[in-house]
Amino acid sequence: MKILKKNISAKDGSGSIMLRPETPEDLWHSYNLLQKGDMVRCTTVRKVVKESNTGSTTSSKKRLNLTIQLKKVDFDPDALEVRLSGTVQSENELVRMGAHHTLTLELNQKFSIEKECWDAIYLDLIEEAVNPDRQAEVAAVVMHMGLAHVCLVTGALTITKARIDVNIPKKRTGSSANAKAVTKFFEAVYQAILRHVDFQKVKVVLIGSPGFVKDDFFQYIVQEAVRRDDRTIIENKSKFVLVRASNGHKYALEEVFSDPNIMQRMNDTKVAKEVEVLHKFMRMMDVDPDRAYYGFAHVQRAQEQQAVDSLLVTDELFRSSSVKTRRQYVDLVEDVRASGGKVYIFSSMHISGQQLQQVSGVAAILRYPLPDLDELEELAEQDRTDVTDDEGSEEGDEETDQVREDLEYMNF
């Protein structure tokens, strides 16, 4: 990501930033930066209809710069596009003020975002996005005979770069159809790795499968690399790590990343650090539950006592359409950092982030046990019950008052 222009007030945090996304991960960061109510300006194509003096109409597509106020933001992980919908805020001779329009952000397309307040989470996200060391850290191939997925795992995304599906016939005596199909399958995966994996940036290449499929495939690519004098594979042979996976589907990466031996090989990557702290939290829930809590109410109460050592939170929570909800999570992050705690923001596009989302999306590992926090849930439930009873009582009072007014009117 490149910052082309930055103008943010030091007084209230308002202002605008012009950016240019250069990698697929930059589009994901752009999606996380955009919020309902933001003003976005970029180049777009709009269909313009003109009516002649005779009443006939002609339509044409015009390229123009538009500023819209966001109403909806969508991210397509397959097409790697960010689609923005909103109302036009800059009128010109082709588009009227208030008209609805949809913008599409693409790679190398500059755009500007204007916000009423750039909070700490937004600024941290921009700093991470423009970091030149942020690249694809891990490549992974999960496969079973006939099916394989080649993925790149960055700090924020798990991107499927290729899906290889080849029909493998059964072995039959006197027939070479099975062997030819297996060779065709292995060759297709081999070419996908050469095409999509940049060995200068990737630190490790994981190959996972059930049984001995991974071993046969690795033996194939090593032999072929020597035969073809393919220096890319030969010089990076040590980066390949064979692991067990139950199948060749993308979700099998969860099993791969849960292997402690693999995490040891990936200890310098952002993904490994997040997976490690998530596993630590899960283990602590079993062996020391008074130091592991999840849910905003429990975590906030623990932070009020300066007890949070590690805060785990998904980026999904910062995309809330409610300003109040987002603000409370931003404040929580800032409080934890101010008290010396570590903050891990998990991407919802990673398997680890999806696991954390299943336990409310926010969790904490505490410095010391706080067994009394368990009472919070009972108190919160009691509060909800009281509020419900009060609302019901108020509704009943309103109905009684209305009946009384009706009777008085009839008597009159």
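The largest nonpolar core of this predicted model has 34 residues, and those with the most contacts inside it are Leu33, Leu34, Phe75, Val82, Leu84 and Leu105. A nonpolar core is here a set of buried Ala, Val, Leu, Ile, Met, Phe, Trp, Tyr and Cys residues joined through side-chain atoms within 4.5 Å, where buried means under 20% relative accessible area, exposed over 50% and partly exposed in between, with a 1.4 Å probe and protein chains only. Two or more residues come to this core from each of strand S2 (15-20), helix H1 (24-33), strand S3 (39-51), strand S4 (57-76), strand S5 (81-88), strand S6 (100-105), strand S7 (111-115) and helix H2 (120-129); helices (H or I, at least four residues) and strands (E, at least two) are DSSP runs, numbered from the N terminus. S4 gives the most, with 6 residues. A second, separate core of 29 residues includes Ala139, Val202, Ile207 and Val213. In soluble globular proteins, nonpolar side chains tend to be buried together.

The model is a predicted one, in which local features need pLDDT of at least 70 and side-chain atom pairs count only at pLDDT 80 or more, whereas totals for chains, interfaces and linings use all residues. Residues are numbered from 1 along each chain as its sequence is written, and side-chain values use heavy atoms, with hydrogens and water left out.

Helix H1 is mostly covered, since 9 of its 10 residues are buried, namely Glu25, Asp26, Leu27, Trp28, His29, Ser30, Tyr31, Asn32 and Leu33. These buried residues of H1 pack against S2, S4, S5, S6, S7 and H2.

The pairing of H1 with H2 can be followed in more detail. Their axes come within 10 Å and cross at roughly 170°, the axes being lines fitted to C-alpha atoms, for helices over the stretch in contact, with angles running from 0 to 180 degrees between N-to-C directions. That angle makes H1 roughly antiparallel to H2, a term that applies over 145 degrees. On the H1 side, Asp26, His29, Asn32 and Leu33 meet Tyr122, Leu125, Ile126, Glu128 and Ala129 of H2. The residues of this contact divide into 5 nonpolar, 2 polar and 2 charged, where Ala, Val, Leu, Ile, Met, Phe, Trp, Tyr, Cys and Pro count as nonpolar, Asp, Glu, Lys and Arg as charged, and the others, Gly among them, as polar.

In H2, the buried residues are Ile121, Tyr122, Leu125, Ile126 and Ala129. They cover an arc of only 135° around the axis, which puts them on the same side of H2; the arc is that of the directions from the helix axis to the C-beta atoms. The buried residues of H2 pack against strand S1 (2-8), S2, H1, S7, helix H10 (323-338) and strand S15 (342-346).

Across the whole protein there are 12 helices and 16 strands, and buried residues make up 44% of its 412 residues. Among contacts between residues at least 6 apart in sequence, 66% join residues at least 24 apart.

Two loop residues deserve a look. Asp229, in the loop between helix H4 (213-228) and helix H5 (231-235), has a phi near 55°, a positive value in a residue other than glycine. Ser360, in the loop between helix H11 (351-357) and strand S16 (362-366), likewise has a positive phi, near 80°.

Definitions and conventions: Parallel < 35°, antiparallel > 145°, perpendicular 65-115°, else oblique. Contact = heavy atoms within 4.5 Å.
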